[in-house]
Amino acid sequence: MATIATNLQLVNGRINHACAQVGRSSASVTLLAASKTFPAVTVREAFSAGQRCFGENYVQEAVDKMAELADLRDQITWHLIGPLQSNKTRVVAETFDWVHTIDRIKIAQRLSEQRPADLPPLQVCLQVNISGESSKSGVAPQDVLCLAQAVTQLPRLTLRGLMALPAPSDEPEAQRGALRDMRIAFNHLRSEGIPLDTLSMGMSADLEEAIKQGSTLVRVGTALFGKR
Ligand SMILES: *Cc1c(COP(=O)(O)O)cnc(C)c1O
């Protein structure tokens, strides 16, 4: 079985290759290891292989893992990439470095109010419902600018960018279209004066295409850790 160190090399190689193909520097793409369902010992193994950014989906699971990895706290950047309910905002504000799944102002306000004064501002992305699925979380594309303007007013949050979780599709053209629409939304917000630097999109199966469409952060689980 492939080790995590080997998988990490492979994934970083894919990122470098995709960047080279479109003339981007590999330093312009961050690899976020999506470690949901994998235990703390697995995160520690990835850490030992050089990985520093980890994404978690379930708040309680993440908090338990962080406790087991408390000795690495200053060296790991923890990102919440799963949905966030308002009854969990306090613990998230107290423990995470980033949240990618802001899709309404109420959650953002709570996070800002609850972010402890001794921590740096919480770094946030707005999740965009780019495929227009009625069941999916994410702000509708036509409402992103308004939400972004409101979030930039919150004192204890720093708005960094947009995040997408496009609907799985067998049609590569539909997938590409969603990634392209995200790039357009991202550039539109920047042209409106919102200082974004993060476009969080791309996973194990589509990270190359996401990088070609301007992703600055790919969230990779299966290709690093194996099947969940
Ligand atoms: C699990 C997960 C990923 C990683 O998906 P893989 O296909 O396993 O690489 C990325 N983003 C989010 C939001 C996830 O929940």
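Trainee: Which elements do the buried residues of α5 pack against?

Mentor: They pack against α4 (89–95), β4 (98–102), β5 (122–128), α6 (144–151) and β6 (157–164). The buried residues of α5 are Ile 107, Ala 108, Leu 111, Ser 112 and Gln 114. Before we go on, this is a predicted model, where local features need pLDDT of at least 70 and side-chain atom pairs count only at pLDDT 80 or more, while totals for chains, interfaces and linings use all residues. Residues are numbered from 1 along each chain as its sequence is written, and side-chain values use heavy atoms, with hydrogens and water left out.

Trainee: Why is Gln 114 called buried?

Mentor: Buried means under 20% relative accessible area, exposed means over 50%, and partly exposed lies in between (1.4 Å probe, protein chains only). Gln 114 has 12% relative accessibility, so it counts as buried.

Trainee: What does Gln 114 touch, not counting residues up to four places away in sequence?

Mentor: Thr 89, Arg 90, Ala 93 and Glu 94. Contact here means heavy atoms within 4.5 Å.

Trainee: How do you know whether Val 151 is buried or exposed?

Mentor: Look at the value. Val 151 has 0% relative accessibility, so it counts as buried. This residue is found in helix α6. Leaving aside neighbours within four places in sequence, Val 151 is in contact with Ile 105, Ala 108, Val 124, Leu 126, Leu 157 and Leu 159.

Trainee: How far apart are Val 151 and Ile 105 in sequence and in space?

Mentor: They are 46 residues apart in sequence and 7.0 Å apart in space, C-alpha to C-alpha.

Trainee: What makes a set of residues a nonpolar core?

Mentor: Its members are buried Ala, Val, Leu, Ile, Met, Phe, Trp, Tyr and Cys residues, joined through side-chain atoms within 4.5 Å. The largest such core has 64 residues. Those with the most contacts inside it are Ile 15, Val 99, Leu 111, Leu 126 and Leu 162. Apart from it lies another core, of five residues, including Leu 32, Ala 34, Ile 81 and Leu 217. In soluble globular proteins, nonpolar side chains tend to be buried together.

Trainee: Why is the pair of Lys 65 and Glu 61 called a salt bridge?

Mentor: A salt bridge is a side-chain nitrogen of Lys or Arg within 4 Å of a carboxyl oxygen of Asp or Glu. For Lys 65 and Glu 61 the N to O distance is 2.7 Å, so the pair qualifies. Both lie in helix α3 (residues 59–68), four residues apart, about one turn of the helix. An α-helix has 3.6 residues a turn, so residues three or four places apart point the same way.

Trainee: How many salt bridges does a search of the whole structure find?

Mentor: Nine. One of them joins Arg 104 and Asp 103, with the closest N and O atoms 3.2 Å apart. Arg 104, at 36%, is partly exposed, whereas Asp 103, at 18%, is buried.

Trainee: What makes a space a cavity rather than a pocket?

Mentor: On a 1 Å grid over the protein atoms alone, a cavity is a set of points where a 1.4 Å probe fits but cannot get out. A pocket is an open set with protein on both sides within 12 Å along at least five of seven lines. Lining residues have an atom within 4 Å of a point. There is one cavity of 30 Å³ or more. The largest cavity has a volume of about 40 Å³, and the largest pocket holds about 520 Å³ of space. Of the 24 residues that line that pocket, the closest to its centre are Leu 165, Pro 166, Met 203, Arg 219 and Arg 228. Leu 165 and Pro 166 also line the largest cavity.

Key. Points joined across faces, edges and corners; volume = space filled by probe spheres on them. Helix = DSSP H or I, 4+ residues; strand = E, 2+ residues; numbered from the N terminus.
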